[in-house]
Amino acid sequence: MVIQTENLRKRYGRGTEALKGLNLSVNEGEVFGFLGPNGAGKSTTIRILLDLLRPTSGTVSVLGQSPHGNAAMRQHIGYLAGDFVVNGRQSGHELLRYLGRLRGGVPQARIDELAALLDLDLSKKIGSLSKGNKQKVGVVQAFMHRPKLLILDEPTSGLDPFLQQQFVRLVREASANGQTVFMSSHVMSEVQQTCDRVGIIRAGELIAVEHINDLRAKAFRKVEVRFQAAVDLPNIAGVRDEHWDGNVWRAQLTGDADALIKAIAPHHVVDILSEEPELEELFFSYYQTGEEK
Amino acid sequence: MSVFLKSLRDNRRGYLGWSVALTAVAAMYASFWPTLGQNPELTKAMDSYPQSLKEALNLQDMSKPENYLGTSVFGLLVPILLAVFAIAAGTKAIASDEEAGTLDLVLAHPVTRVKLALQRLLAIATALTLITGLMWLVVTALRGPSEFTSVSPGRILAVCVQLAFFGLFFASLAYAVGAWTGRKGLAIGAGAAVAVLAYLSDSFLPQVDGLKWIERFSPFEWYLGNEPLKNGISGTSLLIFAGLSAVFIALGTWRFNRRDVAV
């Protein structure tokens, strides 16, 4: 177990309780998506893992150790926040050399490789870079030392779609390399493309942990079939909201596609289109049911 | 020592700028000595001031260069500017960095909070040494051209060393408040309040009947009270400054190591 929390609570001063007994387990080598609405406690959890915050009660272990005052443990962690801010009056090179030295040295070749992959100019002052390019510097510093554990807090906010794609590639590489990734995100496409499991946190509690494939099965996808001519279709398991538009039949499909395929097979099918399942709405339903309680 | 070196590098412009500016102020005042100090009219005019005002403004017999230097060069503008520098630097060490949101990244690296704080303080101590060291060199070099050879380099060194400790005191205070609270405004406010009180309790407040004793608790008094330009370094002064700075640093670091780092 790379990350484990038991009954983790965090109260800020005498004010709100940001975490109300969080129980979280992240296995070695997996990519774990940590999802939830703003203010649900995602960043609080991440800051406790990094020892920036101290829990009010409960236990937390990262890479088998308590984070409390444990600087040596952070040698094996790479951290990236969504709003990556650093002193802008230094170049990317200067910052990365410094951070590398804090970690006891990172090969320059590795830094250059990542900068090239992200198309990032490290000689420029960070203050003169666009938000997206600043975030790239953040990506490099998190990945450069190939840490055992990557903790990413909404890492791609501000990155354009091309860079989000490069980021997905980096996460997959890290995962293939045996590194564990713990990532909070609002971008469902990157969650769908990278995560093995997701945990959903709401109001300081973990309300669900699911394998991404199980979620896919639960989610519905839009299906569109173009026939040679309109046909009569029987009731098909998993299909709802069906309607005809000329010779085109549209519907939403949940789960197994087998019944649908067999039902349309006898007819002349010109074209068939099935979209990637939309997890966003599924999460939305998770988030909402809580608010109604 | 990565944090120490990076801190020096990040602040190099500020440190050099303050060194040059403070030394320029000291050099300018010192080079006025032949014109102002040896001017009998001025001495006569000052004789007519009430004694209490002279004490409050730290005006002494201006016909002696050590008095002139103690009053004009090292008496007011230079220590006040150095206190401003020290308070800003002490605040920047933790509180400014924390409020800007840039402290998180470094603390997510394998460096302890104590090590981070102490190395940044060491950088400030280095800057204070640089500022007062340069000032000593330049003021000493002006002894001949500006005709105050009767003040020895050792005596000028004494006042510069006490000035450095005076700065360390304010840097430690602002550091401690900032490290304890994480709030920039509080750190600057506390430093400025103590600086103003320190000045008043060494100038006007002791003139009030029954408040003479307050002088003894003023950092300005610890800094100049023994008249280092005449008497050399006061071990007691250095001990008071060093002791209080150590207490501030210990308290601030103790709390910083235990509390939450602000988002």
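**Exercise 1.** State what share of the residues of chain A count as buried.

*Solution.* Chain A has 293 residues, and 40% of them count as buried. A residue is buried if 20 or more other C-beta atoms, placed from the backbone, lie within 10 Å of its own. This is a predicted model, in which local features need pLDDT of at least 70, side-chain atom pairs count only at pLDDT 80 or more, and totals for chains, interfaces and linings use all residues. Residues are numbered from 1 along each chain as its sequence is written, and chains are lettered from A in the order in which they are written.

**Exercise 2.** Find the residues with the most contacts inside the largest nonpolar core, then list contacts of A:I151.

*Solution.* A nonpolar core is a set of buried Ala, Val, Leu, Ile, Met, Phe, Trp, Tyr and Cys residues joined through C-beta atoms within 7 Å. The largest one has 73 residues, and A:V140, A:I151, A:V181 and A:F182 have the most contacts inside it. Two residues are in contact if their C-beta atoms, placed from the backbone, lie within 7 Å. Beyond its neighbours within four places in sequence, A:I151 touches A:I46, A:L49, A:L50, A:I77, A:Y79 and A:F182. Another core, of 71 residues, lies apart and includes B:F74, B:A123, B:F165 and B:A198.

**Exercise 3.** Describe the contact between chains A and B.

*Solution.* Chain A supplies 21 residues and chain B 17 residues. On the chain A side, strand 5 (77–81) and helix 2 (92–102) each give two or more residues. Helix 2 of chain A gives the most, with 4 residues. Helices (H or I, at least four residues) and strands (E, at least two) are DSSP runs, numbered from the N terminus.

Key. A residue is buried if 20 or more other C-beta atoms lie within 10 Å of its own, exposed if 12 or fewer, and partly exposed in between; C-beta atoms are placed from the backbone.
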